[in-house]
Amino acid sequence: MSASPSYPLFDPSAPVFRAHEGGKLGVHATQQLRDRADLSLLYTPGVADVSRAIAADPALAARYTSRSNTVAVVSDGTAVLGLGDIGPLAAMPVMEGKAVLFKHFGGVDAVPVCMETGTVDELVDAIARIAPTYGGINLEDISAPRCFEIERRLQERLDIPVFHDDQHGTAIVVLAGLINAATVVGRELASLRVVVSGAGAAGVAVSRLLARAGVQDIVVCDSRGIISPARTDLAEQPHKRRLAATTNPRALSGSLGDALVGADVYVGVSGGQVPEAEVARMAPDCIIFALANPTPEVHPEVAARYAAVVATGRSDYPNQINNVLAFPGIFRGALDSGAPRVTEAMKLAAARAIADLVPEPTADQVVPSVFEQGVADAVAAAVKAAG
């Protein structure tokens, strides 16, 4: 065993390191190169005819290049998984893994593009300049609040789908799970009092999508407590000012524990731990989605003492809220339909398609397994129909 002084658990003989050795991706050709005739068709001189045709009509690139089935998985490594700001090189294994999921579940060719971090202007410009190679841009593990502005400006600048999965993939699967969890407890979405813990990328997107789906009472908390117009520390945080203006209809103030009094739903996308005494203050037959990985904000055994439905981000407990239920089908549908962006209607349709894959939801199944056949196809079909 050889060890790194900064990471003593590094063991190149361990299965996890052996599985990643050499990376998880390669390149394969879709056409055979057997002889001179093939060479003249695939490269010079034949390829010149195709290039001239695309120069005359850029829309032909979707038919005669790989662009129509290729997505860039772009990260600067500033907000990776539960690891934080580890930089672009350390982010590469994660982005490669994301590319494997794109291919396995959606048949989409995805390419990791790990970039040095920079200003919003620099990142937007760099991503926009490489966009002609790709049919879509999947933003990944870029820190908030920069990620909001980067996504918005790229959507305005490009004519291909730009999708920040940490925001919207999470929100779509949370909504799908909540639709079915509400059925389990015999409630309508609109009647639920929802507390979202976390005002970063995922928390903002979850709050917005739940509101669009009809949830009327949403309270968002950050590390300082309930976000409300009464807060005086939001001047430099426009995304939180927007939350303050559009959520918390009962004008609550105070801590997360205060928000949880009588709450029907807790959605944790922040990390940290919620004391059991605060969980106990929630409404009877409540719903707890504690999604931090690897340590949920509320341990599932604790949550089960109070909640009728419990979900986590982990694969070793029931009801895993996993973005892989959403993003392969989202991009498959968007690429196949030639959609220039992923709309709010598409996100809602995707969530409902995922929920519908569990026709009889139970406390232990409010979302399908990530390995259930047909998930990406169902999401893709819903996205295309909503486009």
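Contact means heavy atoms within 4.5 Å. Buried means under 20% relative accessible area, exposed over 50%, and partly exposed in between (1.4 Å probe, protein chains only). Helices (H or I, at least four residues) and strands (E, at least two) are DSSP runs, numbered from the N terminus.

## Basis of the model

This is a predicted model, in which local features need pLDDT of at least 70 and side-chain atom pairs count only at pLDDT 80 or more, while totals for chains, interfaces and linings use all residues. Residues are numbered from 1 along each chain as its sequence is written, and side-chain values use heavy atoms, with hydrogens and water left out.

## Overall architecture

The chain contains 16 helices and 10 strands. Its radius of gyration (taken over C-alpha atoms) is 22 Å, close to the 21 Å that the globule rule gives for 387 residues, so the chain is as compact as a globular protein of that length. The globule rule is 2.2 Å times the number of residues to the power 0.38. Along the principal axes, the C-alpha atoms fill a box of roughly 75 × 55 × 45 Å.

Of the 387 residues, 48% count as buried. Among contacts between residues at least 6 apart in sequence, 63% join residues at least 24 apart. The chain exposes about 18500 Å², of which carbon and sulfur atoms supply 54%; accessible areas come from the Shrake-Rupley method with a 1.4 Å probe, and for residues only the protein chains shown count as cover.

Helix H5 comprises 20 residues (87-106), which at 1.5 Å a residue should span 28 Å; its end C-alpha atoms are 28 Å apart, in agreement. The expected span is 1.5 Å times one less than the number of residues. H5 bends by about 35 degrees at Pro-93, the bend being the angle between axes fitted to the seven residues ending there and the seven starting there. Just after H5, Gly-107 has a positive phi of about 70 degrees.

The buried residues of H5 include Gly-87, Ala-91, Met-95, Phe-102 and Phe-105. The cover over the buried residues of H5 includes strands S1 (70-75), S2 (109-114) and S3 (136-139), together with helices H8 (165-184), H14 (327-337) and H16 (375-386).

H14 is itself mostly covered, with nine of its 11 residues buried. Among them are Phe-327, Ile-330, Phe-331, Arg-332 and Leu-335. Gly-338 follows H14 and has a positive phi, near 70 degrees.

## The six-stranded sheet

An open sheet of six strands runs in the order S7-S6-S5-S8-S9-S10, with mixed pairing. Its edge strands are S7 (225-226) and S10 (307-312), each of which pairs on one side only. Two strands pair if DSSP finds at least two bridges between them.

S9 (residues 286-290) and S10 pair in the parallel sense over five bridges. Cys-286 stands opposite Ala-307 in S10.

## Backbone features in loops

Two cis peptide bonds may be noted. One runs from Thr-44 to Pro-45, with omega near 5 degrees; Pro-45 lies in the loop between H2 (36-42) and H3 (47-56). Another joins Ala-144 and Pro-145, with omega about 5 degrees.

Pro-145 is in the loop between S3 and H7 (146-157), and Asp-141 is also found in the loop between S3 and H7. Asp-141 is not a glycine, yet has a positive phi of about 55 degrees; at 4% relative accessibility, Asp-141 counts as buried. Asn-248, in the loop between H10 (238-246) and H11 (256-260), has a positive phi of about 60 degrees although it is not a glycine. Asn-248 counts as buried because its relative accessibility is 5%.
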